[in-house]
Amino acid sequence: MDFRKISEQDIAYFRSVGGIKNIFTDNENLTVAASDQTEDLHYLPEVVLQPETVEAVSAIMRYCNEHRLPVTPRGAGTGLSGGALPVFGGVVLDMKRFNKILNVDKRNLQVVVEPGVITQELQDHVKAEGLMYPPDPASKGSCFIGGNVSENSGGPRAVKYGVVKDYVLNLEVVMPNGDVMWTGANVLKNATGYNLTQLIVGSEGTLAVITKIVLKLIPAVKHDLLMLVPFRSAIDACAAVNAIFMAGYLPSALEFMERDAIEWSMKYVESAGISLPEDIQAHLLIEVDGNNLDQLYKEMEAIAEVVQQFDIDEILFADSHEQKQMLWTLRRKVGEAVKANSIYKEEDTVVPRAELPELLRVIKEIGKEYGFHSVCYGHAGDGNLHVNIVKGDMSDDDWNNKLTEGIRKLFKEVVRMGGTISGEHGIGLVQKNYMDIAFNAAQMQLMKEIKKVFDPNGILNPGKIFAA
């Protein structure tokens with residue numbers, strides 16, 4: 001793409017715009033904006049801008065569009081597909097100053113929020129009002145709600161409550177040419193024209209910059225119960241997932257962790273809360289929630305009966321808030337634990353739930369064929385399995401070349417099973433060369449044309465989703 005370098009004249013313009021809180025050109029701040037949580041990738045921007053008003057974002061986008069300067073929106077930098085990496089340098093539009101919860105509408109069960117609000121802070125805020133925002137990605141304590149919308153994030157409770165797209169009612173966005181607009185209406189049903197709101201959700205910052213978000217809320221549930229089920233076979237653990245649903249139960253979370261995942265996480269968080277016998281190969285973390293505690297106990301007992309048809313060890317029922325927190329911490333820290341142990345690549349596979357045993361089998365077979373070790377975990381309740389491929393003893397040549405062939409073969413198998421190549425992490429930079437597996441030429445061309453309509457000069461988050 002034909003972009004020019006940032007000049008002193010450009011910096012002078014940015015300094016003249018009201019509503020830009022900070023303008024950074026020093027190496028320390030540029031280095032922070034050069035990476036996110038995606039592997040060990042670094043792309044240095046030329047300037048980092050931190051606006052705090054919609055008018056400032058509009059002025060920045062209009063100027064950059066007119067002068068062909070690339071702009072990469074950035075949230076908290078917790079992404080796992082390279083979506084916030086400024087691969088062409090230029091401007092990083094850091095949205096952390098948009099950090100206000102603007103209005104909680106209890107009468108209509110809605111909240112208006114800016115994109116730089118941390119997801120857990122939003123959840124805690126509405127919980128204090130007796131309300132609930134269910135989507136809860138593993139990084140909810142640090143990720144921004146704007147990034148969640150851009151990636152259509154999920155998390156453990158998506159199995160019962162859905163993902164981010166199911167809660168976004170309306171968005172205020174700034175177009176690449178600087179125009180400001182709302183994409184829809186603050187209503188639960190809307191059959192008026194094309195659904196621009198849902199087009200922006202999951203578009204990974206390539207179509208517009210989100211500046212306000214209207215989210216649907218639900219009444220908060222009063223109780224939840226949690227249990228950890230150890231399996232002597234990882235395939236059995238995957239099979240048990242669908243057995244629970246076929247028996248008529250809908251957990252609020254159903255998470256899979258194979259042995260390495262929980263073992264590494266236990267070391268990482270220094271937890272002595274559970275034992276891990278040698279013959280245990282996987283765990284399911286199962287949660288139910290609701291308002292009738294007696295009914296929840298009956299549901300837990302029934303689910304326990306379902307999993308006992310498999311070869312399991314003793315089930316651990318969390319009997320306190322602290323024990324629940326410990327078990328959830330073990331699960332949420334798996335990704336960080338793997339990253340702390342080795343150079344790795346994380347693939348975000350998703351298949352129809354009943355295909356999970358086949359998916360796990362295929363992952364391990366391809367690992368043997370291509371010489372890589374994988375650590376698998378994820379949101380088994382909705383068929384979303386994260387595959388962390390660790391470098392370990394692989395040579396640099398195999399890691400950089402042969403592994404790509406293995407990943408391509410894995411994704412082809414995922415699509416063969418009726419799945420696709422990302423469930424919640426997005427395509428971004430690192431998955432774009434595999435998009436041809438999930439889509440044919442006509443589908444790809446249609447998406448590229450949509451991008452051109454929104455961003456004819458290609459300045460907004462360039463280099464993402466589509467291979468050159």
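Which residues lie nearest the centre of the second largest pocket? They are Val-201, Gly-202, Ser-203, Glu-204 and Ile-427. The legends below refer to a predicted model, in which local features need pLDDT of at least 70, side-chain atom pairs count only at pLDDT 80 or more, and totals for chains, interfaces and linings use all residues. Residues are numbered from 1 along each chain as its sequence is written, and side-chain values use heavy atoms, with hydrogens and water left out.

**View 1. The second largest pocket and its lining.** A pocket is, on a 1 Å grid over the protein atoms alone, an open set of points with protein on both sides within 12 Å along at least five of seven lines; lining residues have an atom within 4 Å of a point. The lining here consists of 37 residues, and the space in the second largest pocket is about 770 Å³. Volumes are the space filled by probe spheres set on the points, which are joined across faces, edges and corners. H7, helix H15 (435-438) and helix H16 (441-454) are the elements that give two or more residues to this lining. H16 supplies the largest share, five residues. Helices (H or I, at least four residues) and strands (E, at least two) are DSSP runs numbered from the N terminus. By residue class, the lining of the second largest pocket holds 16 nonpolar, 15 polar and six charged residues. In this scheme Ala, Val, Leu, Ile, Met, Phe, Trp, Tyr, Cys and Pro are nonpolar, Asp, Glu, Lys and Arg are charged, and the others, Gly among them, are polar.

View 2. Leu-199 belongs to helix H7 (residues 196-200). Its relative accessibility of 32% makes Leu-199 partly exposed, where buried means under 20%, exposed over 50% and partly exposed in between (1.4 Å probe, protein chains only).

**View 3. The salt bridge between Asp-224 and Lys-324.** Side chains of opposite charge can pair when their charged atoms come close. The rule used here asks for a side-chain nitrogen of Lys or Arg within 4 Å of a carboxyl oxygen of Asp or Glu, and the count comes to 25 salt bridges. In the pair of Asp-224 and Lys-324, the closest N and O atoms are 3.2 Å apart. Asp-224 lies in strand S12 (residues 223-231) and Lys-324 in helix H11 (residues 321-332), so the pair ties together parts 100 residues apart in sequence. Asp-224 is partly exposed at 31% relative accessibility, whereas Lys-324 is buried at 17%.

**View 4. The salt bridge between Arg-232 and Asp-313.** The closest N and O atoms of this pair are 3.9 Å apart. Arg-232 sits in the loop between S12 and helix H8 (234-246), and Asp-313 in the loop between helix H10 (293-307) and strand S15 (316-317); the two residues are 81 residues apart. Arg-232 is partly exposed at 28% relative accessibility, and Asp-313 is partly exposed at 26%.

**View 5. The salt bridge between Asp-396 and Lys-391.** Here the closest N and O atoms are 2.9 Å apart. Asp-396 is exposed, with a relative accessible area of 52%, while Lys-391 is buried at 13%.

**View 6. The largest cavity.** A cavity is a set of grid points where a 1.4 Å probe fits but cannot get out. The count comes to one cavity of 30 Å³ or more, and the space in the largest cavity is about 40 Å³. Its lining includes Leu-80, Glu-346, Asp-348, His-425 and Gln-431. The lining residues divide into three nonpolar, five polar and three charged.

**View 7. Positive phi at Glu-39 and Ile-465.** Most residues other than glycine have a negative phi. Phi of Glu-39 is near 50°; Glu-39 is in the loop between helix H2 (27-32) and strand S2 (47-51) and is buried at 18% relative accessibility. Phi of Ile-465 is near 70°; Ile-465 is in the segment after H16 and is buried at 11%.
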